Amino acid sequence: MEESKQSSSSSKSVLYISTSIITVLILWGAVSPSSLGNASGAALDWIIETFGWFYMLLLSAFVLVGLGLAVSPFGKIRLGKEGEKPEHSWLSWVGMLFASGLGVGFVFFGVAEPLLYYLDTPVGIEPATVDSAESGIRYGVFHWGLHAWGAFSIVGLTLAYVQFRKGRPALISSAFYPLLGNKVNGWVGKLIDVFAVIATCAGVATTFGLSAMQITGGLSYVTSLPNSIYIQLAVILVVTILFIFSAVKGIDKGIKRLSNINLVLAALLLLFVLFTGPTLFVLENMVNTFGGYLSNVVSMSFTMTPYSESEWLGTNTIFFWAWHVSWSPFVGLFIARISKGRTVREFMAGVLIVPTVLAVIWFSVFGGSGLFFEMYQGAGLANVVSTDVENAMFVLLEQLPLTSLVSGMAIILILIFFVTSADSASFVLGSMTSNGRLNPANKLKVMWGVLIAATASVLLISGDGGLDALQTAALSAALPFACILILMIVSVFIMMGRDLGYEKRKKRSEQLEIIKSEVKEDIKEDIYEELKEEVYDEVRQELQESERKKAD
């Protein structure tokens, strides 16, 4: 009873502290967006310039750790009790991985990144050439493939482990129990959880605003509706209503169903672009991109530019690494929640390999088609995308048949991704502020969803880069959270090492018991055979003696 009161008090303090700090950030961004933007921008610039090398090493280390765990003896460990089956089918699970927020990234940047990098190239590559086209798609996959999901996999695996094997709450602080013991229940644990809540809320709020801008951009591109603040606010209102309905339904009836629908829509859109666009060019490009990614991923992972003044790496690759780290508490917690019953090997295959393969396919189809129309049809997509990046998808679809119909389907796709992202975010924030409950109360999920929507709306209304300022602040907070991720790796290795050692000792003990039992059985059989022979000899001698007496 006392422990329950303490946990309730702890979760309320995390809720009150985090919402207070978020409110201050919102007010700062609304009243003086330029001030928040300047402060957070200066911090982010300093972090990228000073710790860019750290991000490059860290994200690569996450990938190596994840792949290493998958092929090691740890890969057999189940995220749950022995024999426990996964809660969700493989297809639904993969669908919900993308529902957690990264599906929006694929749709938003699938066309835009290759076209942007076609003109704005990495160091050593000449713009507007075949080399820049190939590197553009390759870097798009690089930014959304293994390295992006490496950070999510570390958080997801650690939290799934502590939840489903150790019975700890679904909190970021729970991951530190092997290192801190009961101190995670005190102010240290609260501080970690407050930091995670703020980072998650800021990151999701900026995505809310950016997604609303993309939807209204698409609507204005294919209809007569203006791309105004009022339309953006209307989109946020509609999404908020839809997400509340989904959140009340829960994971199985809400996020899961919407994710399955989105998988189908995304597949249909991809097949449409593939078969109505430059099909042969795209298929050849897919093979080329896959080979180029595999052969260059190591060099891209460890390439820095100390001998040039280029800012390309900082404004692109390192920027994305900071973005993914800032999103890792949100995406990781959600992945952990839906991964109960899977082995570590299954988990890593699903979280690292599957998204990377899909990134190769998606960027090859959409980015490759965009580059084809740019390079060989003179469509001028790159210049349009460089000024209105949110319209990249719709500029491409304009080059294909059935433009209005397919653009409408793309808007619905983005809208559902938007709803599932909001739903999963409100679920995660509700869980983080209710002592890690696996099924937080609906009122808490709704409260967080409305707060995120209100944050995005206020910053959109404030103009002057208020939304960008909040995003920059969230990215600046990624550096200290990167250090938390390193400690998470240490923690999960400690837990797995202990559990694997225990399993080995248990198995050895069981084998010894079996050997003992077999030895006992063998001894019993030997004794039985000896006694049987002795009795048989005695009986035979008695019979022979009896027959001899009769004969006498």
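## The nonpolar core

A nonpolar core is a set of buried Ala, Val, Leu, Ile, Met, Phe, Trp, Tyr and Cys residues joined through side-chain atoms within 4.5 Å. With that idea in hand, let's look at this predicted model. Its largest nonpolar core has 165 residues, and the members that touch the most other members are Y55, I172, F208 and F366.

Which residues is Y55 in contact with, leaving aside its neighbours within four places in sequence? They are I47, I318, W321, A322, V325, L475, A478 and L479.

## The whole chain

The chain has 552 residues, and 53% of them count as buried.

Among contacts with a separation of 6 or more, 83% are between residues 24 or more positions apart.

## Two helices that cross

Two packed helices are described by the angle between their axes and the distance between the axes.

Where do they meet? On the α8 side you will find A196, A199, T200, G203, V204 and T207, which meet S326, W327, P329 and F330 of α11. Sorted by class, this contact has six nonpolar, four polar and no charged residues.

## A buried serine

Find S431 in helix α15, which covers residues 403–432. Is S431 buried or exposed? Its relative accessible area is 5%, and buried means under 20%, so S431 is buried. Not counting residues up to four places away in sequence, S431 touches A170, L171, G436, R437 and P440.

## Two loop residues with positive phi

Finally, have a look at two loops. A128 sits in the loop between α4 (102–119) and α5 (130–144). Its phi is near 55°, a positive value in a residue other than glycine. A128 has a relative accessibility of 42%, so it counts as partly exposed.

L402 is in the loop between α14 (392–397) and α15. Phi of L402 is also positive, near 55°, and this residue is likewise not glycine. With a relative accessible area of 54%, L402 is exposed, because exposed means over 50%.

Key:
Residues numbered from 1 in each chain as written. Predicted model: local features only at pLDDT ≥ 70, side-chain atom pairs only at ≥ 80, totals over all residues. Heavy atoms only, no water. Helix = DSSP H or I, 4+ residues; strand = E, 2+ residues; numbered from the N terminus. Buried < 20%, exposed > 50% of the residue type's maximum accessible area, 1.4 Å probe, protein only. Contact = heavy atoms within 4.5 Å. Nonpolar A, V, L, I, M, F, W, Y, C, P; charged D, E, K, R; others polar.
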